[in-house]
Amino acid sequence: MTKWIERTYALSHKGATGLEKAVVLTILCNLSLMLPVSVSLLAVRELLNMIDGEAASVLPLTGIAIIVLALIWVLHYMQYPTLYINTYEESSDRRIRMAEHLRKLPLSFFSHRNLSDVTQAIVGDCAELDQMFSHYIPQTLATAVSTLVIAVMMACIDWRMALAALWVVPIAVLFPVIGKRLQDREGTANIKAKLATANHIQQTLETIREIRACNMEDKDASAFRLVTANQVRHEIRNELVSGIFVSAGFIVLKLGIASTVITGTTLLLDGRLSLLYFIGFMAAAVMVYNPIDNLLQNISATFSAKLRIKRVKAVIDSPVQEGSKCFTPQGHDITFDHVSFSYESGKSVLKDLSFTAKEGEVTALVGPSGGGKTTACRLAERFWDVDEGRILVDGVDISTVDPEVLLTHYSSVFQDVTLFNDTIMENIRLGRKGASDEDVIRAARAAQCDDFIKTLPDGYDTVLSENGASLSGGERQRISIARALLKEAPIILLDEATASLDVESESEVQKAISALTKDKTVLVIAHRLRTVINADHILVLANGRIEEEGPGRSLMEAGGRFAQMAALQSGLQSWTVRE
Amino acid sequence: MRLSQCLGKLSGYSGRWKALTAFGLVLSAGAAVLGLLPYVFIHGAVSTILMGGGAEAVRYGWWALWAAIANIAIYIAALMSTHIAAFNTARNMRIMAMDHVRGLPLGFFTGNQSGRIRKLIDDGSSMTEDMLAHKLPDIAAAIVTPVAAITLLFVFSPWMGLAVLLTMVLALMAMMSMMGGRNAGFYMRYQKQLGKMAAEAVEYVRAVPVLKTFNQTVWSFKAFHRTIKENGDAALDYALSCRKGQSAFLTIINSAFVMLIPMALILAGRGDPALVLVDFIFYTLFAPACGTFINKLMYSSEAVMKIHAAVEGIEEVMSIKSLEEGGKMPPDGHELKFSHVSFTYPGRDVKAVDDVSFTLKEGRLTALVGPSGGGKSTIAALAARFWDVDAGSITSAGVDLRDLDHGALMEKTAIVFQDVRLFQLSIKENVRAGRPGASDEEVRQALSKARCDDIIARLPNGVDTVFGSEGTWFSGGEVQRIALARAFLKDAPLVILDEATAYADAENEEKLQEAVKELVKGRTVLMVAHRLSTVVNADDIIVMDKGRVVEEGTFDALVSKGGLFSQMWSKWNEGASWKIKKEL
């Protein structure tokens, strides 16, 4: 049972047992609310006796009523924390679990879905699930059980009356279930229309400069009116559809009261039912419908819980990359051995690629965009796994090594630098956990960061906001180089590390890189050929294959693609805007 | 802000849909009264049975049923009305907020993450729906029901009616006890925290490659981890603080029987037990129904907090002042003059542009150069009046930009940004945005002039391919070429150009340079240059550093002067021959 709950609701073991406890107490609460009906019936019996002329005894029944009330309070008081404590602890755990899982997933996971989708699962879906687990799910499960218990008890007393009162329950619950498919369709269309609006808003905000520059304000405004009108149309349809099925359920429930009254009266007149039982069944019928009323109201929310759990599971159940934790290479040559790779099947990016980047040498990847340079670099880090062939470090296939262990041997500097919402000191210390402040500052100096950090208001303790928005591209780049320096890993990957820099920053950064790459295995991607002309080994990648390779000088002499590219670039370098 | 104030603000957005909301509320109140009728009929049925009339009782049973169904039908009609009104109100909010946003100074957009503004507008509007569609009709019903119940109280047994009323009052008090004090602003804090968490989650997911490289975990993502924990703790703390109130509330709304039982027994001892029995049954059944209304009221307190947060968010957007429209039509010339212009980005301390004066002369190409962060791009943005200057003035042929009609100013200016963005439209429409009336043929010519033929050739649907659609990918240089086509089509006399710095490959770079060369021919050009060779033949060069103009002149004059520019020039030539390799 616990296992089943864990699986169905994507809960931890603790969460599942907590949910069980909540359900049991909710069942008891539901049943306790039937007790006032029983006590009231005792009072009715007393009143009937009084009609027959007997004397009344007020105190015993009043006493029982007070005891029942106390019981109701105790049960609700006990139930309350089981709904919330567990829910919110589970909620934080779930979010952290998802975040932890996310970072272990291969990057292929992220290429299939967009950013807002993944973050929505962590933030929005989890928030909705809190509501599910504190209200709808325990209520739904408990109502199912408590209604069944009450039905059995009623049937034991008088099966005809039980039938008259309860025949409506399965039918009422069936309506929304029948309508589910139609609701799902309308619901999906509705979400799509909502997303279209959100997307339009996002686009307008992102292209606001262009809209202003092209005088497109009015055009954008009228397009937005259309998009939102469509959204309203779908919202109304969606509301109608779900409203119809839920309301049908409500109406059927009301039929139950009528059938109880009619059947009861008929039986009563025939003398086959006592007045007391007649009244009892009527009161019980009214009470038994209450939780079902609630259930009908929440049923669409309960349906969407499934959907949200599915989205959470899509993250948590995605397979992570695994491998041996034991990896202690002596040398650090990286060998691509007949590697083929594609992001989407049919569109291969790398085709049968073989080369070795030797330790102590600089190996440069150049070539036109889309040629596979960045892909090769990312495969070397096992951000993706290859489709065919192998990538070896010191002769060990990296697909057999745990990515976390593997990456302790790598330092990379990418074109787009990610900085964290923390101090500069901590941002650099990221390179090596436990590095001393002196080590960090030494690395920053070597990466030519020291000068600009000193001009910041709090120096190394300056807290960076929003991915370091206040820093220039060159400054960010140098921080990421400082990180890489601090790490002192034997394998260095540089992807367009200087492409977006202006001249001053570029020469600073280049000094930093020279310090970084000493005696390491270096794999570098560069668009500007002049930056790699002296590399030990140059690979010209085009269309996923190696077109030329060798040292720069011999490639220049060969007069192939590399020489052409170099000639073209040196012309571009000195272009002027007017002749 | 109180609820009535919130609703007042909301009704400003509702417009004519207000009437429909009111209609829905009346229906909802009517349905609530109808909802009490079945109990009256059951009362009738029981009393006829006790009097011995059987067939009569069955008829009461049917009436009870019809009243119940009428109640549901009217309630559905009420909800449909309020929903339609609510959806349209939310739509109006979105439209009005976006209309406002389009006129805001661009400083607003750089200071704010677009995701956050979107959330304020889009989610904020959605958050009002719950209140307008569900909670207001519930509140209307909850106000009418006790009135009707008090009437019934006098119709049947005043004592037992009073007992029911008393439990309802106690339940309401229990409910109120949970809403005051430190719980008051909880929902707003909770929503804010979720917003923060969303922004941090985005950063986190973006950082996954770095997390992998440096073996970091979510625990090293301190802010994110902390927000998750705080959010869970705050929600739990809030929930637990309501434990006493909530369990008391649930007990009290089910407690009417405790008073009804002794009351009935005592009354029966003094009067006619049969009559008392009928009333007792009525109130026993009626009490839970009253409880349902109070229960609904209970959930509306959350809606009140929600609507609060929503209205405040939208108001935050609406309260930002938009650029004022001057309205004057621009004069013929297009000489652009900066006089003592200063500008600071909102929220920053340092001036981005500090007392800058220069003139962009008609027909000449003026280049802005200097270290990154020196204020070059800010000058370009100010020239297009994307922001207003803090001090000094910018004049176009002698007229202050702030006095001009913004649309007309844009008519005669073509702007090409460094990080251009295309609309999610076809390539054709993206270019046509430059001049809406242009024919397909003119669009095609503009694309050719911007050297885009190779891009168009590889697209699945040529110029009709929608930007950003499945399977299409454009490099930054390609996007900029398409933007250049837009500028060609616009054929404006004044061109503001922010040179691109990063290119995917050399072919791209070459084409872009050819296109730029052609575009600047015969026009007045303000060009932000990032590579120095670009400006060798510019008519005027303005060197900027730390927001100020430090040098000005022709290329030759500046090089021979030996100032900042000549230093940059020699560094540039040195950088051009740099190599990635340890020194040999």
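This is a predicted model: local features need pLDDT of at least 70, side-chain atom pairs count only at pLDDT 80 or more; totals for chains, interfaces and linings use all residues.
Q: Why is chain B called more spread out than a compact globule?
A: The radius of gyration of chain B is 36 Å, whereas the globule rule gives 25 Å for 584 residues. The value is well over that of the rule, so chain B is more spread out than a compact globule. Along its principal axes, the C-alpha trace of chain B spans about 120 × 55 × 50 Å. The chain has 21 helices and ten strands.

Q: What makes up the two domains of chain B, and how many Å apart do their C-alpha centres lie?
A: Domain 1 of chain B takes in 3–178 + 242–318, and domain 2 takes in 336–575. Their C-alpha centres lie 60 Å apart.

Q: How many residues of domain 1 of chain A are in contact with domain 2 of chain A?
A: Two residues are in contact if their C-beta atoms lie within 7 Å. By that test, four residues of domain 1 of chain A are in contact with four residues of domain 2 of chain A. The side of domain 1 that touches domain 2 has two nonpolar, two polar and no charged residues.

Q: What makes up the side of chain B that touches chain A?
A: Contacts link 140 residues of chain B with 143 residues of chain A. Helix 3 (residues 54–102) of chain B gives the most to this side of chain B, with 22 residues. By class, the side of chain B that touches chain A has 85 nonpolar, 32 polar and 23 charged residues.

Q: Which residues touch the most other members of the largest nonpolar core?
A: They are B:Leu260 and B:Ala264, in a core of 343 residues. Helix 12 (residues 273–318) of chain B supplies the largest share of this core, 22 residues. Leaving aside neighbours within four places in sequence, B:Ala264 is in contact with residues of both chains, namely A:Ala43, A:Leu47, B:Met160, B:Val276 and B:Phe280.

Q: How do you know that strand 4 of chain A pairs with strand 1 and with strand 5 of chain A?
A: Two strands pair if at least two bridges are found between them. Strand 1 (residues 334–342) and strand 4 (residues 388–393) of chain A have five bridges and run antiparallel. Strand 4 and strand 5 (residues 396–397) of chain A have two bridges, also in the antiparallel sense. A:Leu392 of strand 4 is the bridge partner of A:Thr335, and A:Leu392 is also partnered by A:Asp397 in strand 5. The hairpin of strands 4 and 5 of chain A has two residues between the strands, and A:Asp394 takes a positive phi near 50 degrees there.

Q: Why is A:Asn543 called partly exposed?
A: A residue is buried with 20 or more other C-beta atoms within 10 Å, exposed with 12 or fewer, and partly exposed in between. A:Asn543 has 14, so A:Asn543 is partly exposed. This residue lies in the loop between strand 9 (537–542) and strand 10 (545–550) of chain A.

Key
Residues are numbered from 1 along each chain as its sequence is written. Chains are lettered from A and ligands numbered from 1 in the order in which they are written. A nonpolar core is a set of buried Ala, Val, Leu, Ile, Met, Phe, Trp, Tyr and Cys residues joined through C-beta atoms within 7 Å. Helices (H or I, at least four residues) and strands (E, at least two) are DSSP runs, numbered from the N terminus. Ala, Val, Leu, Ile, Met, Phe, Trp, Tyr, Cys and Pro count as nonpolar, Asp, Glu, Lys and Arg as charged, and the others, Gly among them, as polar. Domain bounds come from an automatic or database domain assignment. The radius of gyration is taken over C-alpha atoms; the globule rule is 2.2 Å times the number of residues to the power 0.38.
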